[in-house]
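Dear colleague,

I am handing over the structure below, together with notes on what was found in it. Please read the notes with the model open beside them.

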Amino acid sequence: MFKNLVIVESPAKAKTIEKYLGSDFKVFSSYGHISDLPSKELGVDVDNDFKPKYIIPKDKKDVVRELKKKALAADFVWLASDEDREGEAIAWHLFESLKLDKDKTKRIVFREITKGAILKAIDNPREINYNLVNAQQARRVIDRLVGFEISPILWRKVKGGLSAGRVQSVAVRLLVDREKEINDFIPISSFKVLARFKNSNNAEFTAQHVGSFSSLEEVNRFLEKSINSNFSILSIDKTPFKKSASAPFTTSTLQQEASRKLGFNVSRTMLAAQRLYESGNITYMRTDSVNLSDDALKSIEAVIKNNYGEQYSRRKNFQNKNKGAQEAHEAIRPTNFENKEVNMEFDQSKLYKLIWLRTVASQMSDAILERTTFKIASNNYNNEFSANGEVIKFDGFLKLYIDGVDNNDDEENSGILPALSQGESLNNIKMIASEKFSRPLYRYSEAALVKKLEELGIGRPSTYAPTITTIQNRKYVVKGSFEGNEREYRELVLQNGSIQSKTSKETTGSDKGKLVPTEVGIIVTEFLVNNFQNILNYNFTASVEEDFDKIANGEKEWTNMLKDFYSSFHPIVEDVIKNASRESGERILGTDPVSGRKVSVRLGKFGPMAQIGSVDEEDKLIFAGLLPEQKISKITLEETLELFKLPCYLGDFENEKIESNTGRYGPYIKHNNLFVSLPKGLNPLQISLDQAIELILEKRRADAPISNYEGHDVNKGKGKFGPFIKWKGLFINVNKSYDFDNLSQEDCVNLIEDKKKKEAEKLVRIWEDEGIRIEKARWGRFNVIKGKFKVELPKGTDVDKFTIDDVKILFQKKKKKKKKKSSFKSKK
């Protein structure tokens, strides 16, 4: 066999590391965590020092079995999982689950996957850091306690299928609080004036009036005074100033800048960063440090001096000012600064270039600029105009990198100014007074939410992306798609001695791409805030993170922290179970004019709904679902009553009626058992018969076969995993090398034949009369399949000796187990 077994958590990482080690070393992957708390029970003994009950998940048993064999055959085992707390926990679980000999086991860590770093780690092994392990255990146990004790309360008190999380729920609260601020905001209008001037040399520039006017009448009087005014330069102020480069990337700043400059969401950023790290191109991507090693600083200095000149180089040290920053490691940086680019996939290449530019720019000289400000006075009033311009005297780091910005609302006039002198007379060409409205705070983008979480000390670099993914997967938050509303604003234009008024339009209130809490997210948050104030408290959540840091530093015992937490948390849980009332977000809107019964809206089993009547009445309750764009908090009585007109008869087509309605999955039309979802923007109460017919015909065209092969139709569609074609019951993914909109017969044949070949390679046994087959599965296992019913066989099963009777017994056991499980759920 081999002398040294190196275990990492990722196959890609294993492949890269093995290149740098000699033939005495073999590198294998654990494919992430091999041990965790059980999914269907608490898995924590709260009466025995909160001892976790770790199990090896079913899908990892074969991995563990193989690693055990390899470990027994090796002279030494090197645990090389990531250096953060989660990586340390993986190393510990490997040590325990594989029953490794302490004298034959070494722990190694590295911040970059380069030959030098790997060999240095081999030369400097250490033991497992149990402080880091315990910090991760504390996080896992607290999160499990919160989730398992609060989630069942949400099922009973709010809606089935909901869940709560210690950090996720606080993140949703940030979004809900912001949404409330936006909804409560009342815009105030004012008027700003821009003026266009020119001097005697006909050099033109724009200046802005200092201050604003509260009414149309007031700004009109100002413009009237300006008609016969003489304007001149009152003062010229030239101020030199410097701009400094930003620090190298931490996890959160990388996520923010990749969002601004590349349009990546946080998950996309972290996936690309993970691949760059595993391929040896960047240092470890989960960090809150802005430090750079001496070797890195020397390399950057050489790159700057060689490419831009010595005057552009200035070595700098940065400090992270965010709450909770540990700075134990190094910033995210390239491992080789000679490589300005990498030849990888699009996302990795773009992200690498961003990291290279930001890191190198951080060690470049300040940019030196000069700001010029002209003050312009009138002989008819004391109000002044101001014009600003900037001149770059030395570009410094700006030669390489300019930081992205969020939501730039800076309306200050800035640009190139002509050469002017104090006292010089000016001619006014034009003045425009525009109505401006005050704006509420912006909704958070993913990157802005990460920034806010970091500022508050909530979560750590490894938790930001999973948190944001989780709250979207749970449907507490969605990415906004609303383009905004049109709003009129007034303008007065002074030109050629006369004032003209006009009305223009602007779009306001767009939430496109921003994180917007759903009705479920809002109602769950309100319930949690009312009943679990501590858990949803920003400072409390940050203090828990600080406790984890203390455990990691050996300053606090992890079980004591859990005792302190649980002793105050669990009594609240018991009190809420007994005393808290149900929360549905119900709003009583008024009375139905036809029946005289109460009309209300609330959260129901399948989402927001309207209701006529109350449970204490003898008459049957009448229900209707809200349309996707309607909100429980905003819908009116009139809009609600319209919903009860659904289903709406639109007319007949091909001797069959067409109806519009809304259901669990949104608005739709129905025709002869064909259901067609309505596109965004079409209201089922307003759609016309002609529009409905066109949608039906479009659906038919989309569903029509695009080809025929071996006597079976070929259809195409788009699903959860992207575009596909369907042939003879087989769903075949269509990759990007094909033009999906224009698939040819040859394309379809190639796709089908490739799929048939893969299916044939998977097939082990088949009983055609019974419709049963055995296929190969991952990691040497097998699946027994009949229609949609599937049973997994363990690795090592001799499928050649498997009879049809064995298969039938297997299915019977599976059905009994499923039935027993279903019965248990119903009793609960």
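An open sheet of 4 strands is built in the order S17-S18-S19-S20, with antiparallel pairing, where helices (H or I, at least four residues) and strands (E, at least two) are DSSP runs numbered from the N terminus, and two strands pair if DSSP finds at least two bridges between them. This is a predicted model, in which local features need pLDDT of at least 70 and side-chain atom pairs count only at pLDDT 80 or more, while totals for chains, interfaces and linings use all residues. Residues are numbered from 1 along each chain as its sequence is written, and side-chain values use heavy atoms, with hydrogens and water left out.

At the edges of this sheet are strand S17 (587-591) and strand S20 (622-625), each of which pairs on one side only. Its neighbouring strands are turned by 25° against each other on average, direction ignored; axes here are lines fitted to C-alpha atoms, for helices over the stretch in contact, and angles run from 0 to 180 degrees between N-to-C directions. Strand S19 (residues 607-612) and S20 run antiparallel and are joined by 4 bridges, and Met-609 has Gly-625 in S20 as its bridge partner.

Another open sheet of 4 strands has the order S25-S26-S27-S28, again with antiparallel pairing. Strand S25 (707-709) and strand S28 (730-733) are at its edges with a single partner strand each, so one side of each is left without a neighbour in the sheet. On average, and with direction ignored, neighbouring strands of this sheet are turned by 35° against each other. S25 pairs with strand S26 (residues 712-719) in the antiparallel sense over 3 bridges, and Ser-707 stands opposite Val-714 in S26. Helix H19 (residues 745-762) lies across S25, S26, strand S27 (722-727) and S28, and runs at about 40° to S25.

**Helix packing**

How do the axes of helix H5 (residues 130-157) and helix H15 (residues 538-552) cross? They come within 7 Å of each other and cross at roughly 150°, which means that H5 is roughly antiparallel to H15 (angles under 35 degrees count as roughly parallel, over 145 as roughly antiparallel, 65 to 115 as roughly perpendicular and the rest as oblique). The contact, meaning heavy atoms within 4.5 Å, is made by Asn-131, Leu-132, Asn-134, Ala-135, Ala-138, Arg-139 and Ile-142 of H5 and by Val-544, Glu-545, Phe-548, Ile-551 and Ala-552 of H15. By class, the residues of this contact of H5 with H15 divide into 8 nonpolar, 2 polar and 2 charged, where Ala, Val, Leu, Ile, Met, Phe, Trp, Tyr, Cys and Pro count as nonpolar, Asp, Glu, Lys and Arg as charged, and the others, Gly among them, as polar.

Helix H6 (residues 166-184) packs against helix H13 (residues 464-473) at an angle of about 70°, with their axes 9 Å apart, and H6 is therefore roughly perpendicular to H13. Val-167, Gln-168, Ala-171, Val-172 and Leu-175 of H6 make this contact with Thr-467, Thr-470 and Ile-471 of H13. The contact of H6 with H13 has 5 nonpolar, 3 polar and no charged residues.

In helix H1 (residues 11-18), the buried residues are Lys-13, Ala-14, Thr-16 and Ile-17, where buried means under 20% relative accessible area, exposed over 50% and partly exposed in between (1.4 Å probe, protein chains only). These residues cover an arc of only 170° around the axis, which puts them on the same side of H1; the arc is that of the directions from the helix axis to the C-beta atoms. Their cover includes strand S1 (4-8), strand S2 (25-29), helix H4 (115-123) and helix H9 (266-278).

Ile-432 is in strand S12 and is partly exposed, with a relative accessible area of 27%. Leaving aside neighbours within four places in sequence, Ile-432 is in contact with Lys-192, Val-193, Leu-194, Glu-491, Leu-492 and Val-493. Ser-445 is in the loop between strand S12 (425-437) and helix H12 (446-456), and counts as buried at 15% relative accessibility. Not counting residues up to four places away in sequence, Ser-445 touches Lys-514 and Leu-515.

**The chain as a whole**

The chain has 20 helices and 32 strands, and buried residues make up 46% of its 828 residues.
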